[in-house]
Amino acid sequence: MAAALDPGEEHSKFVEWAENNGVTIDGIAPAKFVDRGMGIVAARDLEKGERIVHVKNTSLVHVALPSVKALKLPENITVHGKLAASLALWYSDPSHDEYALWQAVWPTEEDFRSTMPIHYNKKLQDFLPRAAELLLANQRIKLDKDWADLSPHLTNISKDLFTYTWLIVNTRTFYWNYPDLPNAHPRLPKRKTKLTGDDCYAMCPFMDYFNHSDVGCDPRADSKGYSVTTDRAYKAGEEVFVSYGAHTNDFLLAEYGFILDSNLRDAIPLDHIIIPLLDKEQVQALKEDGFYGNYTLFAKGGNETICHRTQAVLRLKVLDSKRYSAFVGGDDDGDREQGRLYGYLVDLLTKYSRQVMDILEEVEGLKVDEVDEEGGKAQKSSETEPYVTAGQKGTLLRRWRQIRDIVNSAIEELQK
């Protein structure tokens, strides 16, 4: 169990502010963990099923708030962008101190620069696993569009500050479908019947302290607000986690800037290995049948090694078209010729395993920049090399070693 340290005066002040602003806290407290930042610990022994925090609906920060509406941001802006713009405007305005104590305990810009792949230099981004690379590309498109749409209305806000608050929103929001408002409330971003997942963002002061685990407490929302109830018993001093959802480590890395050492939900995509091997007719057949792409290899410990979609594409590559059609049509249980299918996939994974080893060797060879004697900005280890921090390099090494282990375990499993 990691040692929990006193978080500091600013966190004590924020907890007092939270309790005075609609947040009920029972049996838990924020704590600082060496090399892991902030989290939540049990302040006493907790039993399973205890409600340990509740954030009232009036304490949530979302785009239906009058204070957000008062900023008169364009209606066509995304909810993510509106929240980021609102935070940036409040953050930069000394006269707006409503959330000052909350802002004081957010991750800093430097925290994001050292952990979030969107701040990695180009060379490091080129070393991201394929899934994280695609997520990052989509993230950048969203950020750039929000900034392009909002910058004319944020004349005193720099892109750096907007990027910072945009990442605050990205990493610290919860799903909120406005159950406390009627269906056609004028402050809703759209009528409730037309809300999408991208519309349903809310920030929950204090609840954003919780760190993620693949097994943890499940945050629950209703019209009264957001609550966390213990999923099991906890001893005093033990860290209490919540689960953000069934996310792979590539998702966690791109969206939150961390990975788990052990993740039951972990998996890696196989699209970049399989799709280049398909001819036009095979691509067309898979698209027509709804089996094109999203081929997945699961981490060891799950119920299966490869997904049903991968089973389908392997049949199209290895067997005749009739056998493939029978499988996707549900007339073939898939057991026949399984050895041939797995043998074909093992060959592909063996080649990929060698590629992973080459990538690991390259990442291990990256030079880490040193922090100057006053603890300031890192100094470049070489005039020809971009900045690389020890944390960034360490995270990439850990992730590629995990991918290596997933691939090698799958090879072993498929050969049984």
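This is a predicted model: local features need pLDDT of at least 70, side-chain atom pairs count only at pLDDT 80 or more; totals for chains, interfaces and linings use all residues.
**Negative patch and helix H5**

On the surface, a patch of negative charge is formed by Glu109, Glu110, Asp111 and Asp160. Helix H5, which spans residues 109–115, supplies the largest share of this patch, namely 3 residues. Glu110 lies in helix H5. With a relative accessible area of 54%, Glu110 is classed as exposed, because the cut-off for that class is over 50%.

Helix H13 covers residues 321–328, and its buried residues include Arg323, Tyr324 and Phe327. These residues lie on the same side of H13, because they cover an arc of only 100° around the axis. An α-helix has 3.6 residues a turn, so residues three or four places apart point the same way. The face of H13 turned away from the buried side carries Ser321 and Lys322, which are exposed.

**Gln392 in helix H15**

Gln392 belongs to helix H15, which runs over residues 390–414. The relative accessible area of Gln392 is 4%, and this residue is therefore buried, the cut-off being under 20%. Along the chain, Gln392 and Tyr234 are 158 residues apart, and a distance of 32 Å separates their C-alpha atoms.

The table sets out the accessibility of two of the residues discussed above.

| Residue | Relative accessible area | Class |
|---|---|---|
| Glu110 | 54% | exposed |
| Gln392 | 4% | buried |

Conventions: Residues are numbered from 1 along each chain as its sequence is written. Side-chain values use heavy atoms; hydrogens and water are left out. Patches are made of residues with over 30% relative accessible area and no salt bridge: like charges are joined within 9 Å, nonpolar side chains (Val, Leu, Ile, Met, Phe, Trp, Tyr) within 5 Å. Accessible areas come from the Shrake-Rupley method with a 1.4 Å probe; for residues, only the protein chains shown count as cover. A salt bridge is a side-chain nitrogen of Lys or Arg within 4 Å of a carboxyl oxygen of Asp or Glu. Lys and Arg count as positive and Asp and Glu as negative; His and the chain ends are not counted. The place of a charge is taken as NZ of Lys, CZ of Arg, CG of Asp or CD of Glu. Helices (H or I, at least four residues) and strands (E, at least two) are DSSP runs, numbered from the N terminus. Buried means under 20% relative accessible area, exposed over 50%, partly exposed in between (1.4 Å probe, protein chains only). The arc is that of the directions from the helix axis to the C-beta atoms.
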